[in-house]
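Here is a short note for a colleague who has not looked at this structure before. The points are numbered and can be read one at a time beside the model.

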Amino acid sequence: MASSTRARQSRTFETGPSAPWWPVWIAALIRVSVWLVMPARFASDEDSYYQVATQLLTTGERDLFWPPLTGWLIAAVRLLPGADSVAATRLAWLVMDVGCVMLVRILAMRVARTVSAGAHARRLAALMTLGYAVYLPAISFSQFATSEIPALLQVLVILVLLTTPAVGTWSYVAAGVLAGTLVLTRPSLLPLMVTLPIAVVATRSWQSFRDALAIVLSASAVIGGYLVWNWEHSGELSIGRNSAYNLYIGNRDMYGEDLNLLSPAATAEQIEFRRQMWSGELVYPTQSPAELQREALRWIAEHPATFARRSVGRLARVFVPRTDVLELAGGEQRTGIFTAVPLSLLAVANLQWTCVLFGGLLGLGVIYRSDRALGALFLATIAGSVALCLIAISKPRYSFVFDPVLILAAGAFVTAPRAAWRNLSLGGRIAVGVSVVFLLWAWIAWTIFAVTSRVAP
């Protein structure tokens with residue numbers, strides 16, 4: 001990149017005092033304390049990933065249903081001396097999440113310098129880092145060996161690379177390689193390898209097109225290399241069969257998690273679907289991935305209005321109240337909701353989520369006005385994380401990739417909330433107002449759906 005382009009880099013790249021470390025130690029202490037008391041029971045998709053690793057270690061065969069990287073990581077941890085246990089594997093995930101806290105600390109200082117200065121910037125960065133350190137959904141994810149924490153770690157490294165002072169071509173190449181391995185972790189994050197380069201070009205200089213292209217080509221090389229290898233060894237040109245499965249279950253006549261914002265009460269079919277799923281009676285499709293994909297695309301072509309309506313509902317579901325923290329208490333199916341511990345977890349998590357979501361919504365505007373390059377990267381992270389949710393399935397936990405971004409943005413808003421609102425243009429205020437109304441109705445609609453879908457025992 002030309003020297004003139006370097007000179008025009010945003011204030012994100014300024015140097016100065018680093019952020020305090022004490023929030024990182026608090027994060028580590030909390031996570032280790034929870035890890036010490038967690039029983040060795042599986043949560044969410046953890047059992048499936050552990051079985052993938054077991055199959056790989058015992059027979060050398062890969063389970064082609066799941067994307068590969070999480071299973072490989074679990075297998076690698078279990079190869080270490082004395083580490084072949086659920087607790088040891090989870091400890092590796094805990095270490096990765098402490099790494100996430102350290103990366104949030106770096107980004108927090110860069111955000112703080114765009115909206116503040118001197119000692120106040122250091123205090124603000126500490127507050128932002130502490131926000132992630134005590135964020136209950138993040139603490140919950142750190143305790144289970146699923147794909148969320150490895151994916152988040154990669155996203156945060158990418159953002160740190162793209163906002164590093166005097167960022168060079170090799171930083172963009174490294175970011176691209178990580179974008180490729182990110183897709184091998186969670187294919188639903190594929191759009192990030194497009195939205196992030198667009199943000200780089202749109203807010204810097206057309207001379208940065210070369211750097212954006214480096215991201216895309218590096219990511220494509222990693223993904224393409226895996227696809228070729230998978231084709232040679234298994235005859236399948238895919239990252240994981242579950243992508244076709246998710247596309248199918250979200251695009252057929254009955255979608256079990258369809259949040260209809262116009263009529264949010266669960267249907268009889270959805271209630272029965274949930275009952276069968278929890279009782280183990282649910283019959284899963286047996287068609288091949290290609291057949292499932294064809295059926296889903298055919299259904300979309302035949303029902304464009306319903307697909308559009310479902311897409312809006314899927315978008316809403318990403319931002320509704322957090323429920324995955326119940327895994328810390330054993331999961332909803334095991335413990336229910338209406339007892340002291342689950343209710344307390346839900347109350348704390350969703351109080352935090354309310355502050356993060358609505359504070360972050362306003363704070364993104366503050367960051368974008370202070371530093372367009374940084375603000376655009378944050379917005380691109382959110383957009384790229386939700387894009388594929390609109391066409392397949394979505395769950396509240398899918399916001400995990402950009403939760404730290406919203407925490408940082410909420411911190412930026414806290415610095416001067418009144419000024420942040422006053423400085424918004426009329427168009428900005430309208431956009432924020434519409435977003436708030438949409439999110440509030442999404443919460444109400446989801447609550448109606450959640451209650452009515454639990455009519456069945």
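**Notes on the structure**

1. Start with W72, which sits in helix α4, residues 68–78. The model is a predicted one. W72 has a relative accessible area of 34%, and because buried means under 20% and exposed over 50%, W72 counts as partly exposed. Its contacts, once neighbours within four places in sequence are set aside, are L56, R62, Y226 and W229. Y50 is 22 residues from W72 in sequence, and their C-alpha atoms are 9.8 Å apart in space.

2. Which residues make the nonpolar surface patch? They are W21, W22, W25, I26, M102 and V134, and the patch covers about 590 Å². Helix α2, residues 22–37, contributes the most, with 3 residues. V134 belongs to the loop between α6 (118–133) and α7 (136–141). With a relative accessibility of 33%, V134 is partly exposed.

3. Next, the pair of helices α17 and α18. Helix α17 spans residues 340–370 and helix α18 residues 372–386. Two packed helices are described by the angle between their axes and the distance between the axes. For α17 and α18, the axes come within 5 Å and cross at roughly 140°. Angles over 145 degrees would count as roughly antiparallel and those from 65 to 115 as roughly perpendicular, so α17 and α18 are described as oblique to each other. On the α17 side the contact is made by L364, I367, Y368 and S370. On the α18 side the residues are R372, L374, G375, A376, F378, L379 and I382.

4. Is F378 buried or exposed? F378 has a relative accessible area of 0% and is buried. Leaving out neighbours within four places in sequence, F378 touches V111, L159, L364, I367, V405 and L408. As a reference for distance, V86 is 292 residues from F378 in sequence, and the two are 34 Å apart in space, C-alpha to C-alpha.

5. C100 lies in helix α5, which covers residues 86–115. C100 is buried, at a relative accessible area of 0%. Apart from neighbours within four places in sequence, C100 is in contact with Y132, I149, L152, L153 and L156. The C-alpha atoms of C100 and Q154 are 8.9 Å apart, and 54 residues separate this pair along the chain.

6. How many salt bridges does the structure hold? There are 14 salt bridges. One of them joins R397 and E148, with the closest N and O atoms 3.0 Å apart. R397 is in the loop between α18 and α19 (403–415), while E148 is in helix α8 (residues 148–162), so the pair ties together parts that are 249 residues apart in sequence. R397 is buried at 12% relative accessible area, and E148 is buried at 4%. R397 and E148 also belong to a network of salt bridges that links D45, E148, R186, D324 and R397.

7. A further salt bridge is formed by D258 and R309, with the closest N and O atoms 2.7 Å apart. D258 is in the loop between α12 (242–250) and α13 (268–279) and R309 is in helix α15 (residues 304–318), so that distant parts of the chain, 51 residues apart, are linked. D258 has a relative accessible area of 9% and is buried, whereas R309 is partly exposed at 23%.

8. D84 and R78 form a salt bridge as well, at 2.7 Å from N to O. R78 has a relative accessibility of 12% and therefore counts as buried.

9. Last, L213 is part of helix α11, residues 209–234. L213 is partly exposed, at 36% relative accessibility. M96 lies 117 residues from L213 in sequence, and the C-alpha atoms of the two are 29 Å apart in space.

Conventions. Residues are numbered from 1 along each chain as its sequence is written. This is a predicted model: local features need pLDDT of at least 70, side-chain atom pairs count only at pLDDT 80 or more; totals for chains, interfaces and linings use all residues. Side-chain values use heavy atoms; hydrogens and water are left out. Helices (H or I, at least four residues) and strands (E, at least two) are DSSP runs, numbered from the N terminus. Buried means under 20% relative accessible area, exposed over 50%, partly exposed in between (1.4 Å probe, protein chains only). Contact means heavy atoms within 4.5 Å. Patches are made of residues with over 30% relative accessible area and no salt bridge: like charges are joined within 9 Å, nonpolar side chains (Val, Leu, Ile, Met, Phe, Trp, Tyr) within 5 Å. Accessible areas come from the Shrake-Rupley method with a 1.4 Å probe; for residues, only the protein chains shown count as cover. A salt bridge is a side-chain nitrogen of Lys or Arg within 4 Å of a carboxyl oxygen of Asp or Glu. Axes are lines fitted to C-alpha atoms, for helices over the stretch in contact, and angles run from 0 to 180 degrees between N-to-C directions. Angles under 35 degrees count as roughly parallel, over 145 as roughly antiparallel, 65 to 115 as roughly perpendicular and the rest as oblique.
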